[in-house]
Amino acid sequence: MKISILKHELNDSIQNVSKAISSRTTIPILSGIKIDVSYQGVTLTASDTDISIQSFIPVEDDKQTIVQIEKIGSVVLPAKFFIEMIKKLPSEFIEIEVKEHFQTFIRSGATDIQMVGLDPEEFPVLPTIEENEVLSINGDLLKTMIKQTVFAISTNESTPILTGILWNLSGNELKFAATDRHRLASRTATIQVESEARFNNVVIAGKTLNELSKIVPDQNTIVDIVVSDNQVLFKIDRVLFYSRILDGIYPDTSKIIPQNYKTELVLDTKKLTEAIDRAYLLSREEKTNIVLLLTKEDGSIEISSSSTQLGKVTEQLDAREFNGEPLRITFNSKYMLDVLKVIESEYIFIGFTGAMSPIIIKPTDHQNSLHLILPYRTPQV
């Protein structure tokens with residue numbers, strides 16, 4: 001194998017596939033990046049068995065030559081060293097040559113590097129997925145849906161299914177949901193499907209979707225998604241991102257969402273965020289994160305928290321709307337801040353069914369998001 005390739009194109013592809021490399025793998029070959037050279041271009045692959053990422057670099061793009069191929073072939077190079085070295089090479093073009101026993105020579109400007117490569121035949125084969133039904137979603141929307149739900153996943157590995165985001169598709173409505181049993185985040189969107197597609201209980205690890213978000217470009221890119229029995233494939237430009245679907249049945253969270261409220265508030269999102277952020281500073285010192293929300297007779301609300309060491313903070317906020325019964329409720333201020341930071345609406349709706357019942361938070365400018373927080377079962381701060 002022998003090629004000459006543009007450094008920035010190679011580096012971009014390496015950065016994409018490197019997100020699938022685990023530093024804790026017990027399989028030595030998976031600590032490397034596989035490079036396959038054909039006359040069509042160069043394909044880079046990395047895998048940690050849970051996710052696999054493949055990035056393709058064509059010979060030319062927009063009439064610009066990216067890769068010059070003298071000899072086709074394959075090799076696996078140790079990722080940690082390869083990633084860092086390519087970034088630091090001096091020249092615009094990099095020459096890579098693989099000789100006998102996978103000895104690899106990398107040349108750039110006046111720099112000469114020799115690396116010990118591994119046999120590509122030992123690298124695991126990527127999953128085979130039949131592309132019977134393809135879903136298409138705007139990349140910006142996909143990133144938003146992940147951002148607005150992933151913070152609510154569980155970090156407790158003893159319940160693996162809750163470390164993921166639940167995907168359900170009915171017709172052209174895609175719904176994400178995540179819960180750690182103390183809070184719930186859900187987001188729906190209308191997407192393009194080739195037919196009346198439908199699936200339930202597809203759960204993808206939250207950390208996997210975070211890595212996917214980093215690969216999806218910020219500009220308006222369409223992401224094609226193919227779901228099979230135990231794998232899901234995301235196709236983003238020249239990148240293929242495979243993820244394992246988590247085993248198990250996701251709990252039914254629909255029954256805990258109240259349909260009617262005893263108390264309803266509409267508040268300025270920015271002002272509420274800032275007030276709770278200040279209250280959080282004291283509650284965090286107390287290592288409880290507990291904040292009290294109290295409705296006042298004049299239609300305003302009071303937010304307060306205290307620390308035995310530092311003192312107390314109390315703030316008054318005017319409600320844009322206030323309906324229903326007076327309320328006194330305590331909740332985890334960090335959980336509330338996590339929600340407020342992903343809601344882009346100027347005003348938010350908060351519904352309460354009682355001091356010991358779930359708190360519902362929704363944006364006021366659309367019906368696609370719903371967040372739920374369980375209150376603390378303590379009447380005092």
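Rings of Phe, Tyr and Trp, the last represented by its six-membered ring, form a pair if their centres lie within 6.5 Å; planes over 60 degrees apart count as edge-to-face. The model is predicted.

**Exercise 1. Aromatic pairs**

Determine how many aromatic pairs the structure holds, and classify the pair of Phe234 and Phe241.

Solution. 
- The structure holds four aromatic pairs.
- For Phe234 and Phe241, the ring centres are 6.0 Å apart and the planes meet at 75°, so the pair is edge-to-face.
- Burial is assigned under 20% relative accessible area. Phe234, at 0%, is therefore buried, and Phe241, also at 0%, is buried as well.
- Both residues belong to one aromatic cluster, formed by Trp167, Phe176, Phe234 and Phe241.

**Exercise 2. Charges over rings**

Identify the ring over which Lys99 lies and the ring over which the charged end of Arg320 sits.

Solution. 
- Lys99 lies over the face of Phe105, 5.1 Å from the ring centre.
- The charged end of Arg320 sits over the ring of Tyr347, at 4.2 Å from its centre.

**Exercise 3. Helix H3**

Compare the span of H3 with the expected value, then describe its burial and its N-terminal cap.

Solution. 
- H3 covers residues 139-150, twelve in number, and its first and last C-alpha atoms are 16 Å apart, close to the 16 Å expected at 1.5 Å a residue.
- Nine of the twelve residues are buried, and H3 is thus mostly covered. Among the buried residues are Leu142, Lys143, Met145 and Ile146.
- The N-terminal end is capped by Asn138, with a side-chain oxygen 2.8 Å from the backbone nitrogen of Asp140.

**Exercise 4. Helix H5**

Solution. 
- Ala279 is itself buried, as are other residues of H5 including Leu272, Ala275, Ile276 and Leu282.
- For reading such a list, an α-helix has 3.6 residues a turn, so residues three or four places apart point the same way.

Definitions and conventions: Residues are numbered from 1 along each chain as its sequence is written. This is a predicted model: local features need pLDDT of at least 70, side-chain atom pairs count only at pLDDT 80 or more; totals for chains, interfaces and linings use all residues. Side-chain values use heavy atoms; hydrogens and water are left out. Rings of Phe, Tyr and Trp (its six-membered ring) pair if their centres lie within 6.5 Å; planes under 30 degrees apart count as stacked, over 60 as edge-to-face and the rest as tilted. Buried means under 20% relative accessible area, exposed over 50%, partly exposed in between (1.4 Å probe, protein chains only). A charge sits over a ring if NZ of Lys or CZ of Arg is within 6 Å of the ring centre and within 35 degrees of the ring normal. Helices (H or I, at least four residues) and strands (E, at least two) are DSSP runs, numbered from the N terminus. The expected span of a helix is 1.5 Å times one less than its number of residues. A polar contact is a pair of N or O atoms within 3.5 Å; within protein, one must be able to donate a hydrogen and the other to accept it, and residues adjacent in sequence count only if both atoms are side-chain atoms.
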